[in-house]
Amino acid sequence: MTVKEVAEKLGLKILTGNGEREIKGFYACDLLSWVISHARTGDMWLTVMNNINILAVASLVDVSCIVIPEGVEIYENLAQRANDKEITILSTDMSAADTIIKAHDLISGK
Amino acid sequence: MSDNVVKLHYDIDAEDFTTAGEASSGVKKTLTRLGVNPEVIKRVSIAMYEAEINAVIHANGGVADVEITPERVTVVISDRGPGIPNVDKAMTPGWSTASNTVRELGFGAGMGLPNMKRYTDEMYVESEVGVGTKVTLIVNIVS
């Protein structure tokens with residue numbers, strides 16, 4: 001299931017990018033070096049970090065999208081750079097755990 | 001075989017963190033263009049990003065020299081920072097001297113050097129206190 005499809009069904013707001021990548025797994029962590037070494041290609045990555053460095057990490061790991069949970073806002077320069085790099089960022093008021101559980105249930109058809 | 005060697009040079013700017021990752025992203029693009037195995041590209045770019053971030057965090061930036069041959073990718077990142085007093089200790093996962101500001105940005109987990117080792121086939125750290133640090137990262141394309 002694509003990022004866009006999951007976003008529409010769970011009410012996640014797409015802030016940047018087109019959301020056309022397939023979600024292949026889930027990963028939640030804010031320590032960037034930890035994410036680099038443990039997240040996998042195609043993961044939906046959840047982090048409350050909203051600085052520019054998350055884009056380099058997302059690009060290096062090649063995640064399908066970044067989800068900023070708990071209503072944390074992102075700044076205009078981050079949004080611009082994400083669009084330039086064609087990285088999809090979503091936001092939600094849900095917690096990281098709730099988002100992953102709901103997205104996982106949706107994708108696995110529960 | 002010299003015509004099969006690609007050499008790249010980057011200045012790692014330490015002004016802020018917003019451009020950190022430009023060098024490793026550039027290398028990733030070049031390796032992709034050369035048709036290198038995606039797993040090799042991922043290993044090189046992750047290890048190089050960590051070294052690049054380290055140069056920004058600890059040493060006010062530095063330089064990166066990259067050599068790509070059909071056999072391997074060699075990345076050398078040099079800085080004129082404070083040096084590492086105890087390299088063995090710095091290689092310990094979780095050990096970090098990063099400032100709180102750096103930690104608030106999501107770095108400083110003490111995973112940089114361990115990640116570099118994990119993702120490379122060979123890694124060398126040469127460091128002298130008060131002079132600087134040179135990290136050499138080698139990833140084999142043909143094993």
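Two residues are in contact if their C-beta atoms, placed from the backbone, lie within 7 Å, and the legends below use the word in that sense for a model that is predicted.

**View 1. The contact between chain A and chain B in the predicted model.** Chain A brings 14 residues to this contact, while chain B brings 18 residues. On the side of chain A that touches chain B, helix 2 (32–38) and helix 3 (53–61) each supply at least two residues, and helix 2 of chain A gives the most, with 5 residues. By class, the residues on this side of chain A divide into 8 nonpolar, 5 polar and 1 charged.

**View 2. Helix 1 and helix 5 of chain A packing at an angle of about 115 degrees.** Helix 1 covers residues 3–10 and helix 5 covers residues 96–107, and their axes are 11 Å apart. The two helices of chain A are therefore roughly perpendicular to each other, and their crossing is right-handed. From helix 1 of chain A, Val6(A), Lys9(A) and Leu10(A) meet Lys102(A), Ala103(A), Leu106(A) and Ile107(A) in helix 5 of chain A; this contact has 5 nonpolar, no polar and 2 charged residues.

**View 3. The open sheet of 5 strands in chain B.** The strands have the order 1-2-3-5-4, with antiparallel pairing. Strand 1 (6–12) and strand 4 (122–128) of chain B stand at the edges with a single partner strand each, so one side of each is left without a neighbour in the sheet. From one strand to the next, the twist averages 10 degrees.

**View 4. Strand 1 of chain B with strand 2 of chain B.** These strands pair in the antiparallel sense over 7 bridges, and Lys7(B) stands opposite Glu67(B) in strand 2 of chain B. Helix 1 (residues 22–33) of chain B packs on the sheet, where this helix touches strand 1 and strand 2 of chain B.

Definitions and conventions. Residues are numbered from 1 along each chain as its sequence is written. Chains are lettered from A and ligands numbered from 1 in the order in which they are written. This is a predicted model: local features need pLDDT of at least 70, side-chain atom pairs count only at pLDDT 80 or more; totals for chains, interfaces and linings use all residues. Axes are lines fitted to C-alpha atoms, for helices over the stretch in contact, and angles run from 0 to 180 degrees between N-to-C directions. Helices (H or I, at least four residues) and strands (E, at least two) are DSSP runs, numbered from the N terminus. Angles under 35 degrees count as roughly parallel, over 145 as roughly antiparallel, 65 to 115 as roughly perpendicular and the rest as oblique. A crossing is left-handed if the near helix is turned anticlockwise from the far one by less than a right angle, and right-handed if clockwise. Ala, Val, Leu, Ile, Met, Phe, Trp, Tyr, Cys and Pro count as nonpolar, Asp, Glu, Lys and Arg as charged, and the others, Gly among them, as polar. Two strands pair if DSSP finds at least two bridges between them.
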